[in-house]
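Please open the model in your viewer and keep the sequence panel beside it. The stops below proceed selection by selection, with the cut-offs given as each term comes up.

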Amino acid sequence: MFGMSVFQSVLERLKAEQQDAACDEDAGEQAFRHGMAGFSHGFIVDTSPAITALDAVQRAYHELAPAESMQQPVMPDHLKRTSLAEVAAELALDEQETAISLAAKRRRFAAANHPDRLPADFRANATVRMKLANMLIDEASRRLPRDNGSA
């Protein structure tokens, strides 16, 4: 449900519940018709108005949605650069880095490349890029001079 609006995620959840209800309909219908333990009479719940309301909501959403939201997203060029050398060049780490500057570079890189923030089609490349960037930044952090409290 990542990469969806709240409205889209609600529609997806309703669809899933509708499908689950259809699968359980036969078994559930028999249980309601024959009564459940502790009840002398069964009952049947008519859910067809909810299904038609869901269809109406979906139809309205698709009619009002802009056409460009229906198109497949195009992968940005930076996500196509997945080699160690390309990610290292993009990070531009140097000998003057501090723990604070490394943390800032990590946050900046993650803001543009974290797989959770991108469409599903781009997540494999984003994951590779994040792994490489984290590895490079971690290595640069290990090389920082340590202050052992001795002066």
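Contact, in this tour, means heavy atoms within 4.5 Å. This is a predicted model, in which local features need pLDDT of at least 70 and side-chain atom pairs count only at pLDDT 80 or more, while totals for chains, interfaces and linings use all residues. Residues are numbered from 1 along each chain as its sequence is written, and side-chain values use heavy atoms, with hydrogens and water left out.

Select Ala133 and display its surroundings: leaving aside neighbours within four places in sequence, Ala133 is in contact with Val87, Leu91 and Phe109. Now extend the selection to the largest nonpolar core, whose twelve residues are Val87, Leu91, Leu102, Phe109, Ala110, Met130, Leu132, Ala133, Leu136, Ile137, Ala140 and Leu144. Such a core is a set of buried Ala, Val, Leu, Ile, Met, Phe, Trp, Tyr and Cys residues joined through side-chain atoms within 4.5 Å, where buried means under 20% relative accessible area, exposed over 50%, and partly exposed in between (1.4 Å probe, protein chains only).

Colouring by element shows that helix H4 (84-91), helix H5 (99-113) and helix H6 (123-142) each give two or more residues to this core, and that H6 gives the most, with six residues. Helices (H or I, at least four residues) and strands (E, at least two) are DSSP runs, numbered from the N terminus. A second, separate core has five residues, including Met75, Leu118, Phe122 and Ala126.

Not counting residues up to four places away in sequence, Arg129 touches His78, Leu79, Arg81, Thr82, Val87, Glu90, Phe109 and Asn113.

Then select Arg108, which is found in helix H5 and is exposed, with a relative accessible area of 55%. A C-alpha to C-alpha distance drawn from Arg108 to Leu91 reads 9.6 Å, for a pair 17 residues apart in sequence.

**Last stop: helix H1**

Finally, select Val6, which is found in helix H1 (residues 6-34) and is exposed at 66% relative accessible area.
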